[in-house]
Each structure stands twice: as structure tokens, then as C-alpha cells.
Amino acid sequence: MTSLDSRAQAAGHELAVTGILARRSFTVRRSTALLGLSLLALTTAWSGATSWYILRKDDLAARLISRETSRQYAYEDRIAALRADVDRLASRALLDQDGVEARVGEIAARQAELESRQSLVSAVAESLQSAGIGVSQAAKNPLRQRMIKPEEPVRASGVTSFAPFASGKPTPAPETLPLRGADDRPASWQSGETEAPVAPAKRVAEALTQLDQSIERSSVTQLAALRELDRNLGDTQKTLRSALAETRLDTDKLAVAVQAPKGVGGPLVPVNLDPSAGPFEATLSSLQPRIATVFRLRGLVEQLPLRRPLAGELELSSNYGYRADPFTRGAALHTGMDLRAEHGSPVRATGPGKVVTAEYSGGYGNMVEIEHAGGLSTRYAHMSAILVSEGQMVTAGTLVGRVGSTGRSTGPHLHYETRIDGEPADPNRFLRAGDKLAGQL
């Protein structure tokens, strides 16, 4: 009984398990059974978590693959769009290049025409200036502008008509915006909005427009210079005709000696101008006959004795015409004019010509006679000294003698006389003409 009771009491503390295994029996304690159940539960939980993780990981991978695929498609779409933009910009650049080259060619042609016109204006101005006819500063100074060649690239502020594209590889835009302050570089403070950059093609167009306007201003300046030359020629022509009218000579019958400058020559290639081509051609065409007229009148004036024989103001002691003879007191014709002056004062030729007489000649005393163009001649009498010789060619202003009182004279003076085809004429006509041309002879 004692052993049976002790076994029953131990059964309250142990879970009695009796089995037959190879005809043997074993007993498992409750703590051991609980530990085994705990390990089984942990193993089952770990297996479930592992299975869930694996299944979840596959779903995450699928989402990542889908996301990367979407990004790849977006990237490829962006590249295709950029390629389309590049092609479109390249096509536009080619069109802009064609337009720029055409406009540059047009401006170069206009500039070449401008330089050709300026050479004509300069030639006219130089010929008038050599003849003593005033010209403006704009006509004297050629307009020198830089010649543009069609094959030369046009630049505006250092930018050509085509701007290179960025060489960096295009990347999709980030999905998240950068945090403020991520860029460590300090940003400069600006008030107001920043000015948008100007496209290179627009800058080139503005530069070409400015050049076109400059050429247009130069063309207007040339036309204004021609018109000013026309006005100067008109004033000169009026003055020359008025001066020649004082001489009462038939200028149409007077031959003009053409004096060409030395050291020049070449075949004659006339300039053909179409007055209907524009205002410049019309003005220059109308200028040609006026230039020829002015040069002819100028040539006539330079051949006539229109200078003063004495320097300074002339002191008239006896005029041309009828007067009381200083010796007989009877009426007599005074064939010249007497100009009082100091003894020994220089006497100068009043025009170009040839000395035909240089000797003592009766009542004239020491007398010099100069033969001019158109049957004109001048006499300088009563001189104290003769400083030219017969046959000598003289110009206006040449010293021919000195004032004296030789011959039929009452005191130092110059007897100045003009003759037309051997007949005496009033010297005042020529002196008045010379006064009208003061500063031009």
C-alpha cells in the first residue's frame, strides 16, 4: 500500500504517459511537454512570418519593377520629345540661317552701291573744290563703313545666329523637390523680376536692322550732300553770270581754254545714269549740266582782267570818259582811269595774258600792255619802272611795274586802261565784276 500511495502522490506532479515502444515504457514530464509545445508554436509562427515575408517581398519587388518600368518609359518619352525639339530647333535654325544669309547679301549689295555712289559724290566734290567752289564736309569725307560679305557669319554681341545645345545627358525631373537651404551657395538678392534672355536669332536680326538703318542714314546723307552741291552750284552760277553781265561781254562768243591737270589720263568711260532709278540718280543727272555751265563760266572769269591793279582801296583821281584835259583844260576823252598811289607802289596784272608792249610810249610814259583772251587788253601807264619784258606770259597778280609819273602826267598815279578789239572800254565794268567775285578769284 505504501508504494501504491507514493505513486499516486507523484502522479499529481507529473503527467503520466505510458506507452509501449519496443516493449518499453517511458514517462514525459509536464514541463517538458510545455517546452515542446512552446517550441512548436514558435516554429509555426516563424514559418508563418517567413511565408508572409516571402510573399510580401515578391509583391514589393513587383511594385519596384513596375515603378522602374514606368520611369524607363517616361525617360524614353522625354528623350523622344527632346529629339523632336532638337530636330525642330535645327530646322528653325536652318531657316533662320537662310534668312540671315539672304539679308546679309542684300545689305552687302546695298553697301556696295552706297560706296559706288560715294565715289561719285567724292569725285564731283573734288572737282568743284579744285575749281574753288565750296563743298560741304559730308561731300569731302567719304563714308567708310565695314563691308559685309555674304559668307561671313553675322554676330550680334558675340552670339551667332545658332546657339549650341547643351551637351549634358537629359535626365527625368526629380519626383521630390529639393529642400530649401540644400544649396550652400548664397543667392544674390535682386529686386524685381529678372530680364528674360534674348534669343540669338533675335539679336542677329536686331544687329542687321541697325546696320540697315545705318546704311539708310548714309544714303540720306549722300543725297543731302548732292542737293547741297546743287544749291552751291546754283549760287555760284548766279554769281558768275551777274559778274559777267557787268562786263557787258557776249560770253557765248568767248572761247574757254580747257586746262587739264598734269599727270592724269586714261580712256573715256562715261557714267550712264538713269534719272528714273531714284532720287540720287535724278539729282546727280540734273547736276551734270549745271556743273558744265559753272565750269565754263568759271573758265571765262579766270581769263578776264577782273583783278585790281593796285593793292588796297583804290583812290580814283580821274574816271573813264569825257573830262577837262589837265593840261589844255579843253574837253577830251579819257580812255582809262587814273588811280592815285604812292610813288613806287607795286602794279600787278589784272588777268592772265601775254605782254605785247613793255616800253616808253609817248604820253603814256613807261607803259605795259597785256593781251588777254577774247580780244581784251589792258594798259598800265606812267610807271616809274617796268618789271616785265615783251612776249612774257603773266598771270593775274604778276608784278609788272611800279607807280610813277612818267609821260604826260601831273603826279604819281597809275593810268589803267582796258580795250576790247583795240577800242577803249570802261575799266569800271571789269572792276565791278571782280568785286562781285571777291574771294572766288
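1. R298 and E302 are four residues apart in helix α5, which means about one helical turn separates them. Their side chains form a salt bridge, with N to O at 3.5 Å; a salt bridge here is a side-chain nitrogen of Lys or Arg within 4 Å of a carboxyl oxygen of Asp or Glu. R298 is buried at 8% relative accessible area, whereas E302 is partly exposed at 44%. Buried stands for under 20% relative accessible area, exposed for over 50%, and partly exposed for what lies in between (1.4 Å probe, protein chains only).

2. This is a predicted model, in which local features need pLDDT of at least 70 and side-chain atom pairs count only at pLDDT 80 or more, while totals for chains, interfaces and linings use all residues. Residues are numbered from 1 along each chain as its sequence is written, and side-chain values use heavy atoms, with hydrogens and water left out.

3. Helix α5 covers residues 279-303, and its 25 residues should span 36 Å at 1.5 Å a residue; the end C-alpha atoms are 36 Å apart, in agreement. The expected span is 1.5 Å times one less than the number of residues. Helices (H or I, at least four residues) and strands (E, at least two) are DSSP runs, numbered from the N terminus. Helix α5 has a kink of about 30° at Q288, shortly before the proline P289. The bend at a residue is the angle between axes fitted to the seven residues ending there and the seven starting there.

4. A second salt bridge joins D435 and R308, with the closest N and O atoms 3.2 Å apart. D435 belongs to helix α6 and R308 to the loop between α5 and β1 (315-318), so the pair ties together parts 127 residues apart in sequence. D435 is partly exposed at 39%, and R308 is partly exposed at 32%.

5. Helix α6 (residues 427-436) has seven of its 10 residues buried, so the rest of the structure largely encloses it. Among the buried residues of α6 are F430 and L431.

6. The whole structure has 12 salt bridges. One of these pairs R419 with E417 at 2.5 Å, N to O, and both residues are buried. R419 and E417 also belong to a network of salt bridges that includes E369 and R379.

7. Rings of Phe, Tyr and Trp (its six-membered ring) pair if their centres lie within 6.5 Å, with planes under 30 degrees apart counted as stacked, over 60 as edge-to-face and the rest as tilted. The count by this rule is one aromatic pair. The ring centres of Y380 and Y416 are 5.5 Å apart and the planes meet at 45°, so the pair is tilted. The pair links distant parts of the chain, with Y380 in strand β8 (residues 376-386) and Y416 in strand β11, 36 residues apart. Y380 is buried at 0% relative accessible area, and Y416 is buried at 0%.

8. Most residues other than glycine have a negative phi. R329 has a positive phi, near 65°, and sits in the loop between β2 (321-324) and β3 (331-334). R329 is exposed at 60% relative accessible area. D421, also not a glycine, has a positive phi of about 55°. D421 lies in the loop between β11 (413-420) and β12 (423-425) and is exposed at 64%.
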